[in-house]
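Dear colleague,

I am passing on the structure we spoke about, shown just below with its sequence. My notes on what was found in it follow, and I would be glad if you read them with the model open beside you.

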Amino acid sequence: MIQSGKLKINEETVHGPGGDVLVVTLRGELSLGKESILLRDHLRKRLDAGSHYLLLDLDKVTFMDSTGIGVLVELKAHAVHCYGDLRLCRCPSFVTRILFRLALHRILEVFDTQDAALEGW
């Protein structure tokens, strides 16, 4: 587990038919400050090191501001640049509403469960 301020990050590698998927569970707040920097830097390093498929489980996220949303978009772009992908699952309703209002659901795929998100990878 990695922690910074009000954000905890847990990781687990799931072996799927399309390859390994790094499942990252976030707990707490993703906002302007050290939390967003930690998440961005840590997951960029993981992508650069060869973890091409990232699944972010946001079920335990209690707050996310525009910086947090920006980090998700940046990580998606970096994953695609590294010939991979990033998906979101179990998003709290406030996150889902933001993604739909900003039309980011077209860029960031959102799934109800981890199993649904892992399908096709």
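In strand S5, Leu88 is the bridge partner of Leu56, helices (H or I, at least four residues) and strands (E, at least two) being DSSP runs that are numbered from the N terminus. S4 and S5 run parallel and are joined by five bridges, where two strands are said to pair if DSSP finds at least two bridges between them. Going from S4 to S5, the chain passes through H2, and this β-α-β crossover is right-handed, a term used if, with the strands pointing away from the viewer, the path from the first strand over the helix to the second runs clockwise.

Before going further, please note that this is a predicted model, in which local features need pLDDT of at least 70 and side-chain atom pairs count only at pLDDT 80 or more, while totals for chains, interfaces and linings use all residues. Residues are numbered from 1 along each chain as its sequence is written, and side-chain values use heavy atoms, with hydrogens and water left out.

On its other pairing, S5 (residues 85–89) runs parallel to S6 over three bridges, and Arg87 stands opposite Glu109 in S6. S5, helix H3 (residues 93–101) and S6 together make a right-handed β-α-β unit. S5 is mostly covered, since five of its five residues are buried; buried means under 20% relative accessible area, exposed means over 50%, and partly exposed lies in between (1.4 Å probe, protein chains only). Both faces of this strand are covered, with Asp85, Arg87 and Cys89 buried on one side and Leu86 and Leu88 buried on the other.

As for the sheet as a whole, it is open, has six strands in the order S1-S2-S3-S4-S5-S6, and shows mixed pairing. Its edge strands, S1 (2–4) and S6 (109–111), each pair on one side only. Neighbouring strands are turned by 25° against each other on average, direction ignored, where axes are lines fitted to C-alpha atoms, for helices over the stretch in contact, and angles run from 0 to 180 degrees between N-to-C directions. Helix H2 (residues 66–81) packs on this sheet and touches S3 (19–30), S4 (53–64), S5 and S6, its direction making about 140° with that of S5; contact here means heavy atoms within 4.5 Å.

Turning to the whole chain, its secondary structure comes to four helices and six strands, which follow the pattern β-β-β-α-β-α-β-α-β-α along the sequence. Of its 121 residues, 41% count as buried. The C-alpha trace spans about 35 × 25 × 25 Å along its principal axes.

Leaving aside residues up to four places away in sequence, Met1 touches Lys8, Ile9 and Asn10, whereas its C-alpha atom is separated by 16 Å from that of Leu30, which is 29 residues apart from Met1 along the chain.

With best wishes
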